[in-house]
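Reader: I have a structure open and would like to talk it through. Could we begin with how its parts pack together?
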Amino acid sequence: MTEVPQKQSGTSGYSWKLSAVAAVASLIGAVVTFGEVSPIITGLILLAAVGWGFTARDNKRAEEQEREEG
């Protein structure tokens, strides 16, 4: 397993594509559960989708930056 530098998060080792899929899956989960569970649960699922979206964005930027640095 790769070693994570001190300044990076625990999700920094994930592929940005995997993170994007997780964001979409969370969004679909929120839509499916809307009205069937507490609004708090739906809100938490949406919050997870946003978090995975930011993870995907950050990891893609890091991958592009590594590629540029060589």
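Predicted model: local features only at pLDDT ≥ 70, side-chain atom pairs only at ≥ 80, totals over all residues.

Reader: Why is H1 described as roughly antiparallel to H2?
Author: Because the angle is about 165° and angles over 145 degrees count as roughly antiparallel, H1 is roughly antiparallel to H2. The crossing of the two helices is left-handed.

Reader: Which residues of H1 and H2 make the contact?
Author: On H1 they include Trp16, Ser19, Ala23, Leu27 and Thr33. On H2, Ile45, Ala49, Trp52, Ala56 and Glu63 are among them.

Reader: And by class, how many nonpolar, polar and charged residues does that contact have?
Author: The contact of H1 with H2 has 12 nonpolar residues, eight polar ones and two charged ones.

Reader: Let us turn to Ser19 of H1. Is Ser19 buried or exposed?
Author: Ser19 has a relative accessible area of 0%, so it is buried, the cut-off being under 20%.

Reader: What is Ser19 in contact with, leaving aside its neighbours within four places in sequence?
Author: Ser19 is then in contact with Tyr14, Trp52, Thr55, Ala56 and Asn59.

Reader: On the whole protein: how many helices and strands are there?
Author: There are two helices and zero strands. Of the 70 residues, 14% count as buried.

Terms used. Residues numbered from 1 in each chain as written. Heavy atoms only, no water. Axes fitted to C-alpha atoms, helices over the stretch in contact; angles between N-to-C directions. Helix = DSSP H or I, 4+ residues; strand = E, 2+ residues; numbered from the N terminus. Parallel < 35°, antiparallel > 145°, perpendicular 65-115°, else oblique. Left-handed = near helix turned anticlockwise from the far one by under 90°. Contact = heavy atoms within 4.5 Å. Nonpolar A, V, L, I, M, F, W, Y, C, P; charged D, E, K, R; others polar. Buried < 20%, exposed > 50% of the residue type's maximum accessible area, 1.4 Å probe, protein only.
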